[in-house]
Amino acid sequence: MVHSCAKCQQRATVYDVGGSKCDFCFQQAIIHNFKTTISRKGLAQFGDSVGVAASGGYSSQALVDLLGRSLFEREDGKTSRMKLKVTLFHIDFESPLHSSNSNIEVIQSLAAKYSFRLCTARDNHSCQQLWRETFERIAWKDFKDTSDFEELSRILVYRMIAFLAQSQGCKIVFDGLSAHSVCRNILTSISSGNGFAIPFEVSPADISGRFFDVAIHHPQYDITDRQLMRYVWIRKIDFVAPNLTLSRLTASVDSLTMSFLKDLEEQHRSTIPNILRTSSKVAVPLQFSYCSFCRVPVGSNGKLVSPLTWKIHDKKDNEEKVVTRLCKACQHRQRRMSMETFQLFLSSLMAFDKALEYKEDYG
Amino acid sequence: MKRLCSHCEKAFANILVGREDKYLCRCCFYEYFEDTVHQTIVEECLLQPGERVAIGASGGKDSTVLAYVLKILNERYCYNWDLWLLSVDEGIHGYRDDSLRTVEQNRDDYKLPLYIVSYNELYDWTMDQVVSQIGRKSNCTFCGVFRRQALDRGAEKIQANVLATGHNADDIAETVLLNLLRGDHARFSRSVMEENGSYRTTDESVFNKIRRVKPLKQVYEKEIVMYAYFKKLKYFATECIYAPFAYRGHAREYLKSLERMRPHSISDILYSLSCISLNKEESKTRVAQQCIRCGSISSQTICKACQFKTSLDRGQGVLAVKRSGMCSLSKQTTQCCSESAERVSQYEADSNDAASSS
């Protein structure tokens, strides 16, 4: 039985929630969704300098392509009304989770196609210094599973992206988080004791101010992984596949949650919209602070989390007392890691945040 | 390799309390478990001295352990609680009849009075009959609503002040995930408000609503199983025969996988619940009113149990769980008010006679 596109009656190739669509109408629907999110949620204004966190995965490659088409293409041949100055940011340090060489090639080709600037972390002294002080010095035996490793990578990467964006004059960064990734983050936040952060996770706009002047938005928060993968396939965009040897089903909380969501979605199609809709009913708290380690908003139903005093060693090996606030997840993380490793991370991250806040160089 | 108990450091440890990463011997584990329950009761003022407490007893591990622990705490701290076992017979052949035998065993072992309420007496329907009409897909919806009202009615009959149920931390965490995954933001909001202690219906004292408490809410299911195992408590361990098809199974599966990786996940979910605040529209509590048919407390003119019963009587049970069917059903239900009000009053008269004679 041949299905027809619900819009143009051509032969349908994509069977989506909104009905069968041909390749062209499917792409138009995705672009329309993308542009509508940016305009309705106020993610960027006319003439803004926007950064894009490009990892080389299918999600961020789709984001770059969508942004490029939104800026340069229109059906009637006129130039688009969206006017943004786009810079791509890529963290190209080597880690067991990914090799940066193949990532940079796929990003460079797409950046060249739309004449976007590409800025890498290796070219930034402060990011290099942070990487050297943290990832290159930690003892891998400290990590009992890949969950902590993935989470620490994410904590570092987001900070470096914010720093790179600030150094290039971008106050807005677009992230390639899809609807599935947002739901995964919501579930992992709840299960790690960070339920307070739900309204910040579900919002496409960054309303937390966690990276000071830089806001990291998620314009693809309404687009599912399946749609993004389909889009990338139709457009023949190169991307780097995740390292499957490290991402076994139960290797980390993130992979467990993602596989659970995808399995559940097979049986109950409305799972992802349900989670997004229910989470959006949670109120944005008026009073909160930030976790000193991961910069997640912390609080408890109107109350602030009690601060903790730590003794950490600065670069000159002088011991000093610092007051920190840790979210529940980081408190558990601190118990799982050695004190030395945790303090190393904490001191470096706090110093980096200070540099980010006051727009100084780090190291 | 044998380890010493983290608490007393004298005996060898028998159990790992995963969420606190402690190895405990049997005696220290009993103390830890009973202290956790007692702390929950005291900190949240769940039970007052001298109250009559109806314990929802299904014969399963949770209710058996709850009855046992409440009895111990009652004797240890002299709270003078008047403990009763309250059991519901849903009429599930091959499941409930066996578990009721276990409840009767508990009655004899712990020397607590037992009162049994059955769906057949209250609603003229057993769960087997309900499932034969509506199939296996939404039967938990019917059973849950009927059981809730049955427990309330049973507690009223024995003139209890409080109804204690054996819901543990795993159950509450599953419910939170279940409501989030299904998009049931009304129930999600209520569970948030309950955890925050802000869920109160208005005019509670006017309707003499019996309080519902969960003394085991801070205790993990694994700890309950180990407690029952070490204490050699007798309980009925078979799952409800209609349960495998429930949506809750998905949330449970995810939670168990998560617990294997991070044992503290369940208590973290409960902690997350206490941190969440709701939008003003979601946090409005419902006004309690009495069902015009059976007199039980409801947020609507006619309670859900009466609506479900009417739908079953008319052979339209499937419509009752569909939103589109509810509009037509609610109109039909109001027409049956007078007939069932007579039968309820007859049931109440019979039950009063039974209670006074016992």
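1. A polar contact is a pair of N or O atoms within 3.5 Å, where within protein one atom must be able to donate a hydrogen and the other to accept it, and where residues adjacent in sequence count only if both atoms are side-chain atoms. By that rule, 7 residue pairs (both at pLDDT 80 or more) are in polar contact across the interface of chain A and chain B.

2. Some ground rules come next. This is a predicted model, in which local features need pLDDT of at least 70 and side-chain atom pairs count only at pLDDT 80 or more, while totals for chains, interfaces and linings use all residues. Residues are numbered from 1 along each chain as its sequence is written, chains are lettered from A and ligands numbered from 1 in the order in which they are written, and side-chain values use heavy atoms, with hydrogens and water left out.

3. Where the two chains meet, 41 residues of chain A are in contact with 30 residues of chain B, contact meaning heavy atoms within 4.5 Å. The two chains bury about 3,100 Å² between them, with carbon and sulfur atoms giving 63% of it; buried area is the accessible area (1.4 Å probe) that two parts lose on being put together, summed over both. Ile190(A), Thr278(A) and Lys281(A) supply 19% of the area that chain A buries against chain B, which is more than any other three residues.

4. Between chain A and chain B there is 1 salt bridge, a term for a side-chain nitrogen of Lys or Arg within 4 Å of a carboxyl oxygen of Asp or Glu. The side chains that form a salt bridge here belong to Asp148(A) and Arg262(B), at 3.8 Å from N to O. Several elements of chain A, including helix 5 (146–167) and helix 11 (328–336), each supply at least two residues of the side that touches chain B, and helix 9 of chain A gives the most, with 7 residues. Helices (H or I, at least four residues) and strands (E, at least two) are DSSP runs, numbered from the N terminus.

5. Asp148(A) also takes part in a salt bridge within chain A, its side chain meeting that of Arg336(A) at 2.8 Å, N to O. Asp148(A) lies in helix 5 and Arg336(A) in helix 11 of chain A, so the pair ties together parts that are 188 residues apart in sequence. Both Asp148(A) and Arg336(A) are buried, where buried means under 20% relative accessible area, exposed means over 50% and partly exposed lies in between (1.4 Å probe, protein chains only).

6. A second salt bridge of chain A joins the side chains of Asp353(A) and Arg159(A), at 2.7 Å from N to O. Because Asp353(A) lies in helix 12 (residues 339–357) of chain A and Arg159(A) in helix 5 of chain A, the pair ties together parts that are 194 residues apart in sequence. Asp353(A) and Arg159(A) are both buried.

7. Lys256(B) counts as partly exposed, at 24% relative accessibility, whereas Glu259(B) counts as buried, at 5%. Salt bridges that share partners join both of them into one network, whose members include Lys61(B), Asp62(B) and Asp170(B).

8. His264(B) deserves a look, since it counts as buried at 13% relative accessibility. His264(B) lies in the loop between helix 10 (248–261) and helix 11 (265–275) of chain B. Leaving out residues up to four places away in sequence, His264(B) touches His332(A) and Arg336(A) in chain A, and Arg19(B) and Tyr220(B) in chain B.

9. Turning to strands, strand 3 (residues 49–53) of chain A is mostly covered, with 4 of its 5 residues buried. Two strands pair if DSSP finds at least two bridges between them. Strand 3 runs parallel to strand 4 (residues 85–90) of chain A, to which 5 bridges join it, and also parallel to strand 6 (residues 172–174) of chain A, with 3 bridges. Val50(A) has Val86(A) as its bridge partner in strand 4 and stands opposite Ile172(A) in strand 6.
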